[in-house]
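Trainee: I would like to go through the terms used for this model and see what backs each one up.
Mentor: Then ask about them in turn.

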Amino acid sequence: MTSETATDVFEAHRPVLLGVAYRMLGRVADAEDVVQDAWLRWSGADRADVREPRGYLVRITTRLAIDRLRQIKSRGETYVGPWLPEPYVTDFGATVPDTAERAVLADSVSFAVLVVLESLSPLERAVFVLREAFGYPYADIATMLDRGEPAVRQLAGRARRHVEEGRPRYEVDPAQRRDLTERFLAAAAEGDLEGLMALLAPDVRLVGDSGGKARAPLRVLESADHVGRFLVGAARKGLPDFSVRFLEVNGGPAVLVLSGDKPDSVFQLDVAEGRIQAVYVVRNPDKLRSLAV
């Protein structure tokens with residue numbers, strides 16, 4: 001395999017590698033660093049015996065992501081306020097034509113799932129991502145992680161139970177989520193508390209991620225009254241040169257709020273039974289850099 005061919009092979013698999021690394025880490029910059037490290041190892045490796053480049057590259061990326069995750073956890077970093085993953089623009093497009101497969105990929109990268117994955121061990125997280133998001137057989141995962149297949153099955157079962165217990169059940173119909181997102185945005189922008197209350201579930205939750213670097217609630221807000229009043233109050237304060245853009249983030253419709261050309265925040269909603277069950281707001285400027293216009 002020539003160096004030019006090796007580059008082409010790596011670039012062909014880069015989206016998958018980035019998808020694995022991001023689901024492992026929840027941070028775009030860290031995921032890109034891991035993929036870059038994987039490229040350095042791939043470019044310098046003896047590729048003569050590599051029969052399945054994708055599996056080989058996923059193995060390298062997964063191990064690098066596990067190491068990065070262990071480093072992060074070992075530092076014991078404390079985060080100011082609630083934590084959300086860094087918004088990740090997803091556009092599966094024609095690369096994932098199957099509706100069922102698209103739904104699995106979208107769910108595995110959702111805010112709700114990634115928040116739960118933060119509480120797993122690095123190995124549990126790796127097994128869950130490889131099995132649930134990318135459908136790898138247990139035997140392949142065991143080879144990637146240098147573990148026995150029975151141990152991998154145990155890790156997978158433990159991770160799956162934890163995720164099922166921790167994540168709320170929401171609908172993933174993109175048309176319904178987009179419709180409610182547009183109505184939510186209009187009511188919030190107009191300061192229409194009554195209109196907002198009609199869209200919010202009684203036990204709705206608002207999770208605001210600022211990292212202590214922007215104005216956002218330092219605890220999760222609960223109930224339609226608290227969430228509605230907070231959103232109306234925030235809208236009344238306004239932003240200079242305010243504009244919005246719709247985009248797909250973490251597998252679902254979202255709103256990017258801009259002040260001039262600078263990203264100010266990202267809003268995304270979880271929906272069930274025609275009502276908004278959760279509002280996610282990312283305002284940490286470090287997590288919005290990749291969304292800069």
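Trainee: Which strands does helix H11 lie across?
Mentor: This is a predicted model. In it, helix H11, residues 224–237, lies across E1, E2, E5 and E6. The helix runs at about 50° to E1.

Trainee: What makes E2 and E3 edge strands?
Mentor: The open sheet has six strands in the order E2-E1-E6-E5-E4-E3, with mixed pairing. Strand E2 (221–222) and strand E3 (242–249) each pair on one side only, and that makes them the edge strands.

Trainee: How do you know that strand E1 and strand E6 pair?
Mentor: Pairing takes at least two bridges. Strand E1 (residues 200–209) and strand E6 (residues 275–282) have six bridges, so they count as paired, in the parallel sense. Within this pair, Leu 200 stands opposite Ile 276 in E6.

Trainee: Which strands does helix H9 lie across?
Mentor: Helix H9 (residues 174–189) lies across E3, E4, E5 and E6, and runs at about 125° to E5.

Trainee: Why is Arg 125 called buried?
Mentor: Buried means under 20% relative accessible area. Arg 125 has 0%, so the word applies. This residue lies in helix H6, residues 122–133. Beyond its neighbours within four places in sequence, Arg 125 is in contact with residues including Arg 23, Met 24, Leu 69 and Glu 118.

Technical notes
Residues numbered from 1 in each chain as written. Predicted model: local features only at pLDDT ≥ 70, side-chain atom pairs only at ≥ 80, totals over all residues. Heavy atoms only, no water. Helix = DSSP H or I, 4+ residues; strand = E, 2+ residues; numbered from the N terminus. Buried < 20%, exposed > 50% of the residue type's maximum accessible area, 1.4 Å probe, protein only. Contact = heavy atoms within 4.5 Å. Axes fitted to C-alpha atoms, helices over the stretch in contact; angles between N-to-C directions.
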